[in-house]
Structures are given as structure tokens and as C-alpha cells.
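Take a first look at the structure below.

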Amino acid sequence: MSDTFKAILVSRDADKKQSVEIVDLTEADLMEGDVTVAVEATTVNYKDGLAITGKAPVVRRWPLVPGIDFAGTVIESSHPDWRKGDKVILNGWGVGETHYGAFAARARVKGDWLVPLPDGMSPHDAMAVGTAGYTAMLAVMALERHGIVPDRGPVVVTGAAGGVGSVAISILSTLGYHVIASTGRNAESPYLIDLGAAEVISRDELSQPAKPLAKERWAGGVDSVGTHTLASVLAMTSYGGAIAACGLAGGMDLPTSVAPFILRGVSLLGIDSVMAPKAVRLEAWRRIGADLDLKKLSTLSRSIAFDGIIGAARDIVEGRIRGRVVVDL
Ligand code: NDP
């Protein structure tokens with residue numbers, strides 16, 4: 001009989017009532033793919049929280065092993081790019097949504113979805129960054145492409161104490177930006193300053209319905225909250241600035257006007273990590289290796305055991321997780 005390994009499985013019954021349990025699987029249970037990976041580390045992202053709690057329709061195949069990202073070692077490959085022993089990272093591509101994901105000791109995926117683990121980074125480090133951190137880097141790269149360099153003025157980061165926010169603050173401050181961190185958890189101010197924030201403001205300053213335009217406060221920003229917060233951030237962006245929108249932790253709507261766009265030439269930059277082309281991913285992970293102070297990863301992450309994933313998933317959708325959560329297998 002094949003060796004079994006632990007996996008988290010979400011299922012639903014005939015009435016579409018969702019449940020989650022820890023089960024034993026074998027490699028024969030995994031889905032099709034040309035590379036099998038021994039998962040060494042994974043993480044709990046906001047999307048994993050939505051998948052496990054069923055709070056939003058992330059899971060689109062039943063039953064499913066959730067988990068949108070992992071780092072590990074190739075144990076079997078028929079893909080030309082990968083050989084047994086290679087260290088790899090996976091983010092997105094529908095893994096943990098339509099394809100069995102990271103919350104298992106083994107994953108079988110398409111080799112085209114994998115990128116190499118950057119030199120000097122352990123699987124644990126890579127998952128302390130995780131999809132949230134890789135998305136933060138995609139947002140920083142988008143701001144740079146738009147010419148938002150440190151000399152242009154401050155940048156704002158919303159949802160600051162969350163995963164995307166924490167990594168964005170670390171990267172932006174290391175690159176020399178003056179970072180204004182917006183948080184609903186004032187007690188986390190020392191943590192945010194430790195990560196590199198120059199100023200901390202209250203979430204309440206941005207979460208009320210926005211005026212079309214307000215006093216110019218920043219040249220750019222990384223928003224993981226959406227709704228009134230993103231509308232306020234846009235209204236407060238200075239002439240020619242840009243905001244990278246990557247999340248919906250506050251809501252999916254965007255109750256704004258065209259005023260920031262047509263009167264101040266502000267740009268809204270959309271960030272998607274899931275289907276980002278391979279060249280963009282390789283560049284993002286190269287930049288993470290180069291521009292993220294790895295020492296800050298221990299400040300912004302903590303480890304949990306496999307058994308803690310379901311609890312962490314519930315916490316993250318309630319906004320109770322600080323920074324990043326790493327699961328070492
Ligand atoms: P976290 O839960 O770690 O962080 C979200 C943060 O948003 C919270 O920590 C909190 O920060 C703030 N927040 C939570 N609820 C609210 C609310 N109701 N109103 C205002 N602020 C709120 O999640 P992640 O950082 O992992 O992800 C953030 C968002 O980015 C999610 O929506 C996620 O789906 C999205 N995302 C998108 C990706 C993409 O490809 N575009 C990839 C990865 C993530 P604080 O307490 O400091 O205020």
C-alpha cells in the first residue's frame with residue numbers, strides 16, 4: 001500500500017453545506033500533473049481563509065485540498081525544467097481553487113507553474129513571504145513602472161498589519177520610500193514602525209465615504225482593503241500619482257468618482273498574482289531575494305503546525321492575523 005500523508009479536505013453535501021476535515025491521502029489521490037513535490041512549507045493567505053470558511057466562492061471543485069502556495073522539493077518530474085531534488089515555489093494558477101493545493105505533504109502540479117526557490121532563501125522564508133508578499137512585490141514593481149520613486153513623495157499602505165501590508169512596508173522602506181501605514185489595530189504601531197513605517201495613521205481616516213477629491217497626502221500606495229478605503233486613498237493621491245489595488249479585505253466595491261483620474265491624472269494599477277506570467281513571477285521573486293530584508297521576515301511571521309491551519313484560516317478572514325503565518329511540514 002502507498003504511504004499516506006495528512007491533507008486538509010474541504011467538501012460540501014447535497015445542500016451545498018461546506019465542511020472541512022484533516023484526512024489521510026496517498027499520492028494516487030492527487031490530481032494530474034507532471035511534477036510531484038514534497039511540500040516543506042506553506043502558509044495561510046486571506047484567500048485560503050475564504051476557501052476554508054466558505055465565506056467567498058474560492059473553491060470551484062469538490063472536494064478540494066485548499067492552499068494556494070507552497071515551497072518544497074521535487075520528488076518526481078517528467079517536465080523538462082525540473083529534476084528530483086530541485087527546490088521550487090508555487091503561487092496561484094488555480095492551485096487551492098480548482099486543483100488540489102498546498103495543505104498536504106505532497107502536491108502534484110504542472111511544471112510550468114513552478115519557479116525556482118531563490119538562492120539563499122529557505123522554503124520557510126519563501127512562505128513567510130508567500131503569495132501575500134509576492135503580491136506586495138508585484139504592487140511595488142507596478143508603482144516603479146509608473147515612475148513612483150521615493151523622491152516623488154510618501155506612499156500609503158492600507159491593511160498595514162496584514163500579510164500584503166506588512167511585506168509591502170518592509171520592501172518599500174528598504175527601497176527608501178517614506179511609508180505611511182494605515183491600520184485598524186493601533187496597538188500594532190510599534191510593529192509597523194519596526195518594519196519600516198515612517199508614520200502610522202488610523203484606518204478610520206480612510207474608511208468613511210470619500211469626497212471626490214481631498215488634500216493631497218501621498219504620491220502612491222498599495223491597497224489591500226478596497227471599498228471606501230481605496231476611494232479615500234485615490235482622493236488623497238497627489239497629481240500624477242498611482243495606487244496599486246490588490247485586495248478586498250474591506251469589501252469588493254469601489255465607491256469613487258472619476259475626479260482623481262481626470263482632474264489629477266491619478267492612475268489605478270490592478271494587481272493580480274494568480275495568473276501573472278512566468279517572466280513577471282521570476283522577476284518578482286528575484287526582487288524579493290534582492291530587496292526584502294530577510295531579517296524582517298522573522299519580525300513579520302510566525303510558525304504554526306499543520307493542525308493549526310483551520311484555526312488560522314478562521315482568524316485571517318476576521319482580520320485577527322498579524323503579518324504572515326508559516327506552516328512548516
Ligand atoms: P490579511 O488578512 O493578512 O490582511 C488584510 C488586512 O486588511 C488586515 O490585517 C487589516 O489590517 C485590514 N482589514 C481587514 N478587514 C478590514 C476591514 N473590514 N476594513 C478595513 N481594513 C480591513 O490578508 P492578506 O494581506 O493576505 O491579503 C489582503 C488582501 O489582498 C485580501 O483581500 C486578499 O484576497 C488580497 N490578495 C490579492 C492578491 C492578488 O493577486 N491580487 C494576492 C494576495 C492577496 P489592519 O488591521 O492593519 O487594518
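A polar contact is a pair of N or O atoms within 3.5 Å. The model is predicted, and the distances here are computed from it.

Ser273 places a polar side-chain atom 2.7 Å from an oxygen atom of the ligand. The side chain of Thr183 has an N or O atom 2.6 Å from a ligand oxygen atom. Ala249 uses its backbone instead: an N or O atom there lies 3.3 Å from an oxygen atom of the ligand.

## The shell around the ligand

On its own, the ligand has 920 Å² of accessible area, and the protein covers 87% of that. Helices α2 and α3 (163-174) are the elements that give two or more residues to the shell.

How many residues surround the ligand? There are 24. Val164, Thr183, Gly184, Arg185 and Ser273 are the closest. By type, the shell holds eleven nonpolar, ten polar and three charged residues.

## A stacked aromatic pair

Ring centres within 6.5 Å make a pair, and planes under 30 degrees apart count as stacked. The count comes to one aromatic pair. Its members are Tyr134 and Trp285. Their centres are 6.2 Å apart, with 15° between the planes, and the pair is stacked.

Why does this pair tie together parts that are 151 residues apart in sequence? Tyr134 lies in helix α2 (residues 123-145), while Trp285 lies in helix α8 (residues 278-291), so the pair links those two parts. Both Tyr134 and Trp285 are buried.

Definitions and conventions
Residues numbered from 1 in each chain as written. Predicted model: local features only at pLDDT ≥ 70, side-chain atom pairs only at ≥ 80, totals over all residues. Heavy atoms only, no water. Phe/Tyr/Trp six-rings, centres within 6.5 Å; stacked < 30°, edge-to-face > 60°. Helix = DSSP H or I, 4+ residues; strand = E, 2+ residues; numbered from the N terminus. Buried < 20%, exposed > 50% of the residue type's maximum accessible area, 1.4 Å probe, protein only. Near = heavy atom within 4 Å. Polar contact = N/O pair within 3.5 Å; in protein donor to acceptor, adjacent residues only side chain to side chain. Areas by Shrake-Rupley, 256 points an atom, 1.4 Å probe, with all protein chains shown as cover. Nonpolar A, V, L, I, M, F, W, Y, C, P; charged D, E, K, R; others polar.
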